[in-house]
Amino acid sequence: MPVTDGVPGPRTGRRGFPRRLPRRPFAASALMTAAGVELAYPPLRHPEFLGLQGLGGTSALLIAAALTGCGVLVLCRPRHASVIGVAAVVLGLVSCPMANLGGFVVGMVLAVLGGAFALAWSPASGGPTTA
């Protein structure tokens, strides 16, 4: 079913997803989400010690939630990819001093790369995005 005015039709469920995927920053979304998961894993490995981890554990969970939200949001709203990319880069850089060296540097690198991919992304030519 054709897409009109940026709103998908009623029957574009699974069949419409592969057609819309090339017009979305999927790599940026995957990297941001992976960074969020990687940052959240060490504090949640032993949740009973979360109170003892202090600021590092709490900030790691908050930054991880924000990065995971950025990953989902950049996939749902590709028009705002540049703003979300800047937010992901800032969160990745803030995670280094605040969240266990940025998830042992891996989470920080994933977040910065995902933000850079979102900043570099441009809509594919040939039609409007459906966000």
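Me: Where does Arg24 lie?
Reply: In this model, which is a predicted one, Arg24 lies in the loop that runs between α1 (17–20) and α2.

Me: And is Arg24 buried or exposed?
Reply: Arg24 counts as buried, because its relative accessibility is 13% and the cut-off for buried is under 20%.

Me: What lies close to the polar atoms of its side chain, then?
Reply: A polar atom of the Arg24 side chain lies 3.1 Å from the backbone oxygen of Leu75, and the backbone oxygen of Cys76 lies 3.3 Å from a polar atom of that side chain.

Me: OK, moving on to Ala28: which helix is that in?
Reply: Ala28 is part of helix α2, and with a relative accessibility of 2% it counts as buried.

Me: Which residues is Ala28 in contact with, leaving aside its neighbours within four places in sequence?
Reply: With those neighbours left out, Ala28 is in contact with Gly114, Phe117 and Ala118.

Me: Gly114 and Ala118 make me curious about α7. Which of its residues are buried?
Reply: The buried residues of α7 are Gly107, Met108, Ala111, Gly114, Gly115 and Ala118. Looking down the axis of α7, you find these buried residues within an arc of 135°, so they line one face of the helix.

Me: Why would residues a few places apart point the same way?
Reply: An α-helix has 3.6 residues a turn, so residues three or four places apart point the same way.

Me: What do the buried residues of α7 pack against?
Reply: They pack against α2 (26–45), α4 (55–76), α5 (81–98) and α6 (100–104).

Me: And how far apart are the end C-alpha atoms of α7?
Reply: They are 21 Å apart, which agrees with the 21 Å that the 15 residues of α7 (residues 106–120) should span at 1.5 Å a residue.

Me: How exposed are Asn100 and Phe104?
Reply: Asn100 counts as partly exposed, at 33% relative accessibility, whereas Phe104 is exposed, with a relative accessible area of 55%.

How values were computed:
Residues are numbered from 1 along each chain as its sequence is written. This is a predicted model: local features need pLDDT of at least 70, side-chain atom pairs count only at pLDDT 80 or more; totals for chains, interfaces and linings use all residues. Side-chain values use heavy atoms; hydrogens and water are left out. Helices (H or I, at least four residues) and strands (E, at least two) are DSSP runs, numbered from the N terminus. The expected span of a helix is 1.5 Å times one less than its number of residues. Buried means under 20% relative accessible area, exposed over 50%, partly exposed in between (1.4 Å probe, protein chains only). The arc is that of the directions from the helix axis to the C-beta atoms. Contact means heavy atoms within 4.5 Å. A polar contact is a pair of N or O atoms within 3.5 Å; within protein, one must be able to donate a hydrogen and the other to accept it, and residues adjacent in sequence count only if both atoms are side-chain atoms.
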